[in-house]
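Please prepare a briefing on the structure shown below.

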Amino acid sequence: MGPKTTRVYNTLRERLESGEYAAGSKFPSERTLVDELDIGRTALRQVLARLVSEGALEVHGRSAYRVPGGVTVPVPGVLQPWRIHGERDLYDNPWVKLQLWDVEPPGVERFEHHVVKLQHVAITAVLDDEDRVLMMWRYRFVPQRFGWELPGGIVDDGEEPAETALREVVEETGWRPKNIEHVVTYQPMVGMVDSPHEIFTAHGAEKVGEPTDVEEAGHIAWVPLADIQGLMARGELLGSGTLVALLHILATRNKKGITASR
């Protein structure tokens, strides 16, 4: 992308992130954007295609776009939460805390429930212009298996998750993402384990050196997105963060294709 194209991309990206365009609303037409932003239609379409690939826009008919995020499912009626009467530690170290919580679900006698607290984690899927994702082939001793993973790690005290996401990619792969976008925060085992996972995506990266975290790095490769479903079927995508990030990317691209074909 040239300087003008990059400027227009950054402008539209900032507008989308600021909420200037409401979720679910129609995006300005190509003609409007061409006139407003002083850019050719071909260059503008490059910008819009990138925004669509990143999930920031959705194709809505021929040469039309809309802002994602419109939800038709209503919030269910008011339900009562569980009451928490207290908690006590059974085991605690910097990596794992095991507790017993005294809980009372609605209409059920109170009882003690095990709760495991782990670290706050950030994981990043870095894409290039050839529809490939930056991944590591690693051995995990707990399941005693090799598998492909996205770079990621623990959010340090006082560190923003986006900073962690960027740092971990550089440390584990030697590549530095050109941008970082937050996708979702989720819990991998919501019924018993508290371990917030922050998922990010990035488009483009530059090689800045060799990995500095040798124990984490493993074999580094740019893996075609077309292979992801096959790797999943072979059981080679082990971590939930890796699966959530990659499924988000595939779903976004599939939705783009379905919408464009209508």
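Arg66 and Glu58 form a salt bridge, with their closest N and O atoms 3.2 Å apart; a salt bridge is a side-chain nitrogen of Lys or Arg within 4 Å of a carboxyl oxygen of Asp or Glu. This is a predicted model, in which local features need pLDDT of at least 70, side-chain atom pairs count only at pLDDT 80 or more, and totals for chains, interfaces and linings use all residues. Residues are numbered from 1 along each chain as its sequence is written, and side-chain values use heavy atoms, with hydrogens and water left out.

**Salt bridges**

- Side chains of opposite charge can pair when their charged atoms come close.
- By the rule above, the count comes to 19 salt bridges.
- In the pair already named, Arg66 is partly exposed, with a relative accessible area of 30%, whereas Glu58 counts as buried at 13%. Buried means under 20% relative accessible area, exposed means over 50%, and partly exposed lies in between (1.4 Å probe, protein chains only).
- Arg132 is joined to Asp128 by a salt bridge, and their closest N and O atoms are 2.7 Å apart. Arg132 is partly exposed at 25%, while Asp128 is buried at 11% relative accessibility.
- Glu159 and Arg167 form a salt bridge whose closest N and O atoms are 2.9 Å apart. Glu159 is buried because its relative accessibility is 18%, and Arg167 is partly exposed because its relative accessible area is 21%.
- Glu159 and Arg167 also belong to a network of salt bridges that links them with Asp156, Glu168 and Glu171.

**Largest pocket**

- The largest pocket has a volume of about 1300 Å³. On a 1 Å grid over the protein atoms alone, a pocket is an open set of points with protein on both sides within 12 Å along at least five of seven lines, and lining residues have an atom within 4 Å of a point. A volume is the space filled by probe spheres set on the points, which are joined across faces, edges and corners.
- Its lining consists of 36 residues, and Val121, Arg138, Arg140, Glu149 and His197 lie nearest the centre.
- Two or more lining residues come from each of β6, β7 (132-140), β9 (152-154), α4 (161-173), α5 (214-217) and α7 (240-261). Helices (H or I, at least four residues) and strands (E, at least two) are DSSP runs, numbered from the N terminus.
- The largest share of this lining, four residues, is supplied by β7.
- By class, the lining of the largest pocket holds 18 nonpolar, nine polar and nine charged residues. Ala, Val, Leu, Ile, Met, Phe, Trp, Tyr, Cys and Pro count as nonpolar, Asp, Glu, Lys and Arg as charged, and the others, Gly among them, as polar.

**Second largest pocket**

- The second largest pocket has a volume of about 600 Å³.
- It is lined by 29 residues, of which Tyr9, Arg50, Glu54, Asn179 and His203 lie nearest its centre.
- At least two lining residues are given by each of α1 (3-18), α3 (41-53), β13 (197-203) and α7.
- Seven nonpolar, eleven polar and eleven charged residues make up the lining of the second largest pocket.

**Loop residues**

- His60 is placed in the loop between β1 (58-59) and β2 (65-66), and its relative accessible area of 38% makes it partly exposed.
- The C-alpha atoms of His60 and Tyr139 are separated by 43 Å, and these residues are 79 residues apart along the chain.
- Leu118 is found in the loop between β5 (111-117) and β6 (121-127), and Leu118 is partly exposed at 38%.

Conventions
On a 1 Å grid over the protein atoms alone, a cavity is a set of points where a 1.4 Å probe fits but cannot get out, and a pocket is an open set with protein on both sides within 12 Å along at least five of seven lines; lining residues have an atom within 4 Å of a point.
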